[in-house]
Amino acid sequence: MNFTTAFTYHSCTEYEDNRGSGHMARVETFEEQIPVNIFMEPESDFSLREGDPCETDVYGVSRDLKAYTTEEAYYNTSENKLAAKALIPSGTFPVDPEANDTFKQSPWIIFSGKVLYADKNPEPDGKAPDYFLAVETFDMTLLVYAACEDEIEEDYIVSGTAWIFGVLKKPGQGSDFNYNIYWPGKT
């Protein structure tokens, strides 16, 4: 399976938060032109220019993921107001227009989607993520490391927030995805 997502590159800025510092790219999804901020891994192609096509395997880290066995189960939960495949780039623009002066852009998203691939940590310890998932959201595939108390399998629907990152590169340079998942703390 190929989990690479195509984008149009727009710009790059320096970025710093409690996870560290580096660069954040503003890109748009290729099909629906959704603006998204992605933290750029050091191996990214920093020669990309405004309007260039690019692609990446979009990785995310989530600590609030919820899982549902079916779309029907997802929609029957009163807290779910998004479509079963949704993407809101919450770190790209302020939710409250009055907060424009204090808003700091970030690579955070709110998402929901269908699980295409699921790998459970064989020895969860409460510190490392419990799952590594490939999730089909609206116009993007997200590879997410997630802490989740729910059981998760392929074809489930998941929703939550994620801090996203990836190696941005020119089209056709291949996927970074590796089915041999390294679980932190495990040999």
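User: What makes the charged end of K104 count as sitting over the ring of Y15?

Analyst: In this predicted model, the charged end of K104 is 5.2 Å from the centre of the Y15 ring. The distance cut-off is within 6 Å, so the K104 contact meets that part of the rule. Y15 also belongs to a cluster linked by ring pairs, together with F39, Y59, F132, Y145, W163 and F165.

User: Why is the pair of F39 and W163 called tilted?

Analyst: The ring centres of F39 and W163 are 5.1 Å apart, and their planes stand at 35°. Rings pair if their centres lie within 6.5 Å, and planes under 30 degrees apart would be stacked, over 60 edge-to-face. The whole structure holds 8 aromatic pairs.

User: What makes the pair of F39 and W163 a tie between parts of the chain?

Analyst: F39 is in strand β3 (residues 35-40) and W163 is in strand β11, so the pair ties together parts 124 residues apart in sequence.

User: How do you know that F132 and Y145 form a tilted pair?

Analyst: The distance is 4.7 Å centre to centre, with 55° between the planes.

User: Why is F132 called buried, and why is Y145 called partly exposed?

Analyst: Buried means under 20% relative accessible area. F132 has 1%, so F132 is buried. Y145 has 24%, which lies between the limits of 20% and 50%, so Y145 is partly exposed.

User: Why does Q33 count as exposed?

Analyst: The relative accessibility of Q33 is 53%, and exposed means over 50%, so Q33 counts as exposed. Q33 lies in the loop between β2 (20-29) and β3.

User: What makes the phi of Q33 worth noting?

Analyst: Most residues other than glycine have a negative phi. Q33 is not a glycine, yet its phi is positive, about 55°. D155, also not a glycine, has a positive phi of about 80° and is placed in the loop between β10 and β11.

User: What makes up the lining of the largest pocket?

Analyst: The largest pocket has a volume of about 160 Å³. Of its 13 lining residues, N80, L82, I110, S159 and G160 are the closest to the centre. The lining divides into 5 nonpolar, 4 polar and 4 charged residues. β11 gives the most, with 3 residues.

Note on methods
Residues are numbered from 1 along each chain as its sequence is written. This is a predicted model: local features need pLDDT of at least 70, side-chain atom pairs count only at pLDDT 80 or more; totals for chains, interfaces and linings use all residues. Side-chain values use heavy atoms; hydrogens and water are left out. On a 1 Å grid over the protein atoms alone, a cavity is a set of points where a 1.4 Å probe fits but cannot get out, and a pocket is an open set with protein on both sides within 12 Å along at least five of seven lines; lining residues have an atom within 4 Å of a point. Grid points are joined across faces, edges and corners, and a volume is the space filled by probe spheres set on the points. Helices (H or I, at least four residues) and strands (E, at least two) are DSSP runs, numbered from the N terminus. Ala, Val, Leu, Ile, Met, Phe, Trp, Tyr, Cys and Pro count as nonpolar, Asp, Glu, Lys and Arg as charged, and the others, Gly among them, as polar. Rings of Phe, Tyr and Trp (its six-membered ring) pair if their centres lie within 6.5 Å; planes under 30 degrees apart count as stacked, over 60 as edge-to-face and the rest as tilted. Buried means under 20% relative accessible area, exposed over 50%, partly exposed in between (1.4 Å probe, protein chains only). A charge sits over a ring if NZ of Lys or CZ of Arg is within 6 Å of the ring centre and within 35 degrees of the ring normal.
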